[in-house]
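Here is a friendly walk through the side-chain contacts of one protein chain. Please keep the structure open beside the text as you read.

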Amino acid sequence: RYLYSSITDYCEKLVDKFPDPLSVCYLVNSGSEANDLALRLARNFTQREDIVILDHAYHGNLGSLIDISPYKHDGRGGSGRPSNVHKAVMPDTYRNPATSVQYAESVKHNMQHAEVAAFICETVLGCGGQVVLPDGYLKAAYAHVRDVGALCIADEVQVGFGRVGSHFWGFETQQVIPDIVTLGKPIGNGHPLAAVITTREIANSFNNGMEYFNTFGGNPVSCTIGLAVLDVIESEQLQDNALVVGGFLLGELQKLQQRYPIIGEVRGLGLFIGIELVTDRQTKDPAAAQASYIAERMKQGGILISTDGPFHNVLKIKPPMCISKANAQQLVVSLDRVLGEDFAGV
């Protein structure tokens, strides 16, 4: 409700990281709040309700986001996809080697008989299995979305702030500019802070008399922490570190892939890495039980990794961006030791 120096200083510094016309910042408390607000912005601007999503996506824990998260509503305890949500094929080129254009056609197909407000997509897929989007996918998909007057929402909650190494934002790796970007998790380095970045045109449309405010979003402490995070990323060159150490780690994991047939694919950008485990490289049958076993054994050795993906067979590795090459080597040595164990009967 009130302006103070830390909120203006932070918003200016954060928006400076974005290309035009992304110039307006809303501060909230979590990635879930950010994605919920993004949906409100898109639906208000377009005066439409329907949303296009990707299969296996996860966008947050609010009711509005469970509706657009197949990872939840198609899983245990879920009640399925609402009629105003349309599910496009996940562009997983390991399991389905189609082209970006072909995958983008699925987004187009899902808009043919619907009044779509927005297409929301993570810029590297997390719960879908640490899937790196094929080159040109978002450019083709965004073109289809804009052809029908809908908006493009980039979910950067897990991906943003230099984790991909080569760029500060994941959407930049796809050479696109979204209409709305949502931020969370790393924005406060563990502190409850998140943001929505959008255009002046969309923000002006939202300024329709229904005042938006957030009691704790953008409070002075959160803004000061947000500024500190941006300063540390820059001063400690953490984006460069993600590029260098992430590249080293990917290379070392690919060496393990050559030795262990259970590793079907190693993929990732920077320090956003997935290892897909299979019982047979030809059939690509998922090795879900083995993945759980390996994650548990790594935890016992003091290294936290987890499992993800539609078949729960992908080891996800997203370490702190300050990780060193020595830390990465420690991870590889530990994983090598666990992969060498006899867990055939798992």
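Let us start with a charged pair: E115 and R48 form a salt bridge, with their closest N and O atoms 3.7 Å apart. A salt bridge here is a side-chain nitrogen of Lys or Arg within 4 Å of a carboxyl oxygen of Asp or Glu. This is a predicted model, in which local features need pLDDT of at least 70 and side-chain atom pairs count only at pLDDT 80 or more, while totals for chains, interfaces and linings use all residues. Residues are numbered from 1 along each chain as its sequence is written, and side-chain values use heavy atoms, with hydrogens and water left out.

**Around R48**

Helices (H or I, at least four residues) and strands (E, at least two) are DSSP runs, numbered from the N terminus. The loop that holds R48 runs between α2 (31-46) and β2 (50-54). E115 is exposed, at 53% relative accessible area; the classes are buried (under 20%), exposed (over 50%) and partly exposed in between, with a 1.4 Å probe and protein chains only.

The side chain of R48 also reaches two backbone oxygens, that of V116 at 2.9 Å and that of V148 at 2.7 Å. Leaving aside neighbours within four places in sequence, R48 is in contact (heavy atoms within 4.5 Å) with R43, E115, V116, A117, V148, G149 and A150.

**Other salt bridges**

The structure holds 14 salt bridges, and three of them are set out here.

| E115 | R48 | 3.7 Å |

Why does the pair of E276 and R95 tie together parts 181 residues apart in sequence? E276 lies in strand β9 (residues 272-280), whereas R95 lies in the loop between β3 (85-88) and α5. E276 counts as buried, at 2% relative accessibility, and R95 as partly exposed, at 27%. Both belong to a network of salt bridges that links R95, E265, R267 and E276.

D336 is partly exposed, with a relative accessible area of 22%.

**Aromatic rings**

A pair of aromatic rings is described by the distance of the centres and the angle of the planes. Rings of Phe, Tyr and Trp (its six-membered ring) pair if their centres lie within 6.5 Å; planes under 30 degrees apart count as stacked, over 60 as edge-to-face and the rest as tilted. The count by this rule is 10 aromatic pairs. One of them joins Y26 and Y212 edge-to-face, at 6.0 Å centre to centre and 85° between the planes. Y26 is in strand β1 (residues 22-28) and Y212 in the loop between α7 (200-206) and α8 (220-235), so this pair ties together parts 186 residues apart in sequence. Y26 is buried at 14% relative accessibility, whereas Y212 is partly exposed at 27%.

The pair of F168 and W169 is edge-to-face because the ring planes stand at 90°, with the centres 4.8 Å apart. F168 is buried at 10% relative accessible area, and W169 is buried too, at 0%. Ring pairs link F18, F161, F168, W169 and F171 into a cluster.

**The nonpolar cores**

A nonpolar core is a set of buried Ala, Val, Leu, Ile, Met, Phe, Trp, Tyr and Cys residues joined through side-chain atoms within 4.5 Å. Which members of the largest core, with its 82 residues, touch the most other members? They are L14, F119, Y137, L183, I197 and L253. Helix α9 (residues 238-259) gives the largest share of this core, seven residues. A second, separate core has 25 residues, among them A34, I51, L65 and A117.

Not counting residues up to four places away in sequence, Y137 touches several residues, including L54, V89, P91, F119 and C121.

How values were computed:
A polar contact is a pair of N or O atoms within 3.5 Å; within protein, one must be able to donate a hydrogen and the other to accept it, and residues adjacent in sequence count only if both atoms are side-chain atoms.
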